[in-house]
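Trainee: Could we go through this model together, term by term? I would like to hear what stands behind each label.

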Amino acid sequence: MGFKDYCFRKSLWVFHFGGASCNNCDIEILDCLTPRHDLERFGILLVGSIRHADVLLVNGSINRRDRDRLLELYRQAPKPILVVAIGACGCTGGIFAEGNTFAGPVDKIIPVDAYIPGCPPKPEAIIAGIVKLAGKK
Amino acid sequence: MAVYLFYFLIFPGLLFMAVAGALLSWYDRKITARVQFRKGPPLLQPFYDFFKLLLVKESILPKHGSRSVFLIAPLLGVFGAAMAGLFILLPLFDIETGFRGDIIVIFYLLTLPSFSYIIGSLASGNPLAAVGASREMKLIISYELTFLLVVAAVIMKSGQQFDMNSIIETQQTGRPFIGSISGVLLFVAGVFCIQAKLALVPFDMPEAETELASGIYIEYSGPPYAMIKLAKYIMFFILPAFLVAILLNGMNPGINIIWFILKILGVVLLLTLIRNTNPRLKIKQASGFFLIWMNLLVVVAIVLIAFGL
């Protein structure tokens with residue numbers, strides 16, 4: 001592991017993309033950033049612009065409209081970017097997998113680096129996933 | 001010639017100011033975290049952020065808009081901040097005496113980073129960046145007069161001396177300017193001006209993360225964004241240093257360096273606490289705050305100085 005990788009892993013800035021989510025995963029993601037769990041101690045910040053992002057968090061079932069937006073976001077993100085699929089809907093489609101508007105789980109649209117299953121996953125599970133992601137390579 | 005390059009690039013120039021500013025920025029984030037009962041980032045976090053942006057990330061250029069201006073603007077910001085810092089720190093550390101009127105030059109150079117952000121964000125062609133840039137312009141118009149009045153009042157208080165070195169010497173032979181009523185008023189106005197110059201929370205409408213998604217910086221990624229971070233780190237060190245120099249006695253040699261560091265940390269602590277205990281103002285409220293109340297405060301201070309208080 002070189003100096004560049006080390007800096008990258010120590011400072012992951014997160015952009016949050018919510019698909020057609022039921023909002024449970026959103027709440028749990030925000031919970032990670034609150035004082036109780038405090039992801040800033042790993043250098044993780046929530047950013048508002050995809051241009052600053054190192055991690056693209058995707059949650060919720062991706063329907064046909066979200067699909068184009070997700071692709072566009074992925075195209076606009078400065079590389080290298082890590083993609084994390086959160087929750088049952090992001091990983092597999094969950095209960096929406098057979099739905100009419102469902103456009104495939106996240107990994108059918110863009111390459112995914114980490115899956116965090118759960119409906120919704122606990123903040124502890126999200127932190128565990130992020131730490132494993134930071135230790136990857 | 002070589003010695004001036006050393007001054008500009010290493011000490012007390014770019015490298016020293018960047019390291020000091022990065023450590024201060026960590027201090028700011030750590031205090032913020034402690035105020036919110038969090039643990040906060042590790043000590044080297046600003047360096048990780050900077051080197052990640054500089055070495056790892058790619059830079060995306062805007063499709064609509066002027067690419068060369070977009071790329072040159074952050075360099076202009078770093079140059080302005082480093083140059084202003086040089087003119088502040090050389091007399092402050094007693095390395096060179098500076099020249100007559102350098103406080104005016106410092107005043108102009110300190111606005112250069114803000115202007116470079118405006119130029120860069122307008123060159124990106126992003127509507128949110130344009131909104132941020134127009135807010136930054138209004139903010140500059142609001143606080144710049146107050147800042148100029150503070151500088152003028154300090155010049156008046158030191159007996160019409162127009163250079164940093166004599167202002168610091170006047171305080172060191174006499175007593176620091178903050179030890180009088182007018183000095184306290186000037187310090188209050190100066191702290192608010194610095195808060196607005198750094199775009200910290202009550203005055204962070206240009207970035208406004210929640211509504212404009214970091215506004216003027218929205219299109220920047222990779223190395224240009226690293227340059228903006230660098231300019232921000234430098235500004236985070238030199239503006240408190242400037243305030244310490246013109247109002248709080250500057251720096252005495254020897255063991256008193258610790259006292260100087262404590263003064264800088266104290267000013268930054270004040271900025272951080274203001275930032276953490278206030279909501280964001282509307283741009284109109286900020287203009288009113290500076291154009292009416294802060295100007296009034298400084299004018300009162302100038303009248304007091306005229307009476308020798």
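**From the sheet to the helices**

Mentor: Gladly. In chain A, 5 strands make an open sheet with parallel pairing, in the order β2-β1-β3-β4-β5. This is a predicted model, in which local features need pLDDT of at least 70 and side-chain atom pairs count only at pLDDT 80 or more, while totals for chains, interfaces and linings use all residues. Residues are numbered from 1 along each chain as its sequence is written, and chains are lettered from A and ligands numbered from 1 in the order in which they are written.

Trainee: What makes β2 (45-46) and β5 (114-116) of chain A stand at the edges?

Mentor: Each has a single partner strand, so one side of each is left without a neighbour in the sheet. Strands are DSSP runs of E with at least two residues, helices are runs of H or I with at least four, and both are numbered from the N terminus. Two strands pair if DSSP finds at least two bridges between them.

Trainee: How many bridges join β4 (residues 82-86) of chain A to β5(A)?

Mentor: There are 3 bridges, in the parallel sense, and the pairing rule asks for at least two. I86(A) stands opposite I116(A) in β5(A). Helix α2 (residues 24-33) of chain A packs on the sheet, touching β1 (13-18), β2, β3 (55-59) and β4 of chain A, and its direction makes about 145° with that of β3(A). That angle is between N-to-C directions and runs from 0 to 180 degrees, with axes fitted to C-alpha atoms, for helices over the stretch in contact.

Trainee: Which strands pair with β3(A)?

Mentor: β1(A) runs parallel to β3(A) and is joined to it by 5 bridges, with H16(A) opposite L57(A). β4(A) also pairs with β3(A) in the parallel sense over 5 bridges, and there L56(A) stands opposite V83(A).

Trainee: Why is β3(A) called mostly covered?

Mentor: 5 of its 5 residues are buried. Buried means 20 or more other C-beta atoms within 10 Å of the residue's own, exposed means 12 or fewer, and partly exposed is in between, with C-beta atoms placed from the backbone. V55(A), L57(A) and N59(A) point one way, L56(A) and V58(A) the other way, and all are buried.

Trainee: Why is I60(B) partly exposed?

Mentor: I60(B) has 18 other C-beta atoms within 10 Å, so it is partly exposed. This residue is in the loop between α3 (45-56) and α4 (67-92) of chain B. Leaving aside neighbours within four places in sequence, I60(B) is in contact (C-beta atoms, placed from the backbone, within 7 Å) with R51(A), Q76(A), P78(A) and S221(B).

Trainee: How do you know that the length of α6 (residues 127-157) of chain B agrees with expectation?

Mentor: The expected span is 1.5 Å times one less than the number of residues. For the 31 residues of α6(B) that gives 45 Å, and the end C-alpha atoms are 45 Å apart, so the two agree.

Trainee: Where is the kink in α6(B) centred?

Mentor: On Y143(B), with a kink of about 30°. The bend is the angle between axes fitted to the seven residues ending at a residue and the seven starting there. Just after α6(B), G159(B) has a positive phi of about 80°.

Conventions
Contact = placed C-beta atoms within 7 Å.
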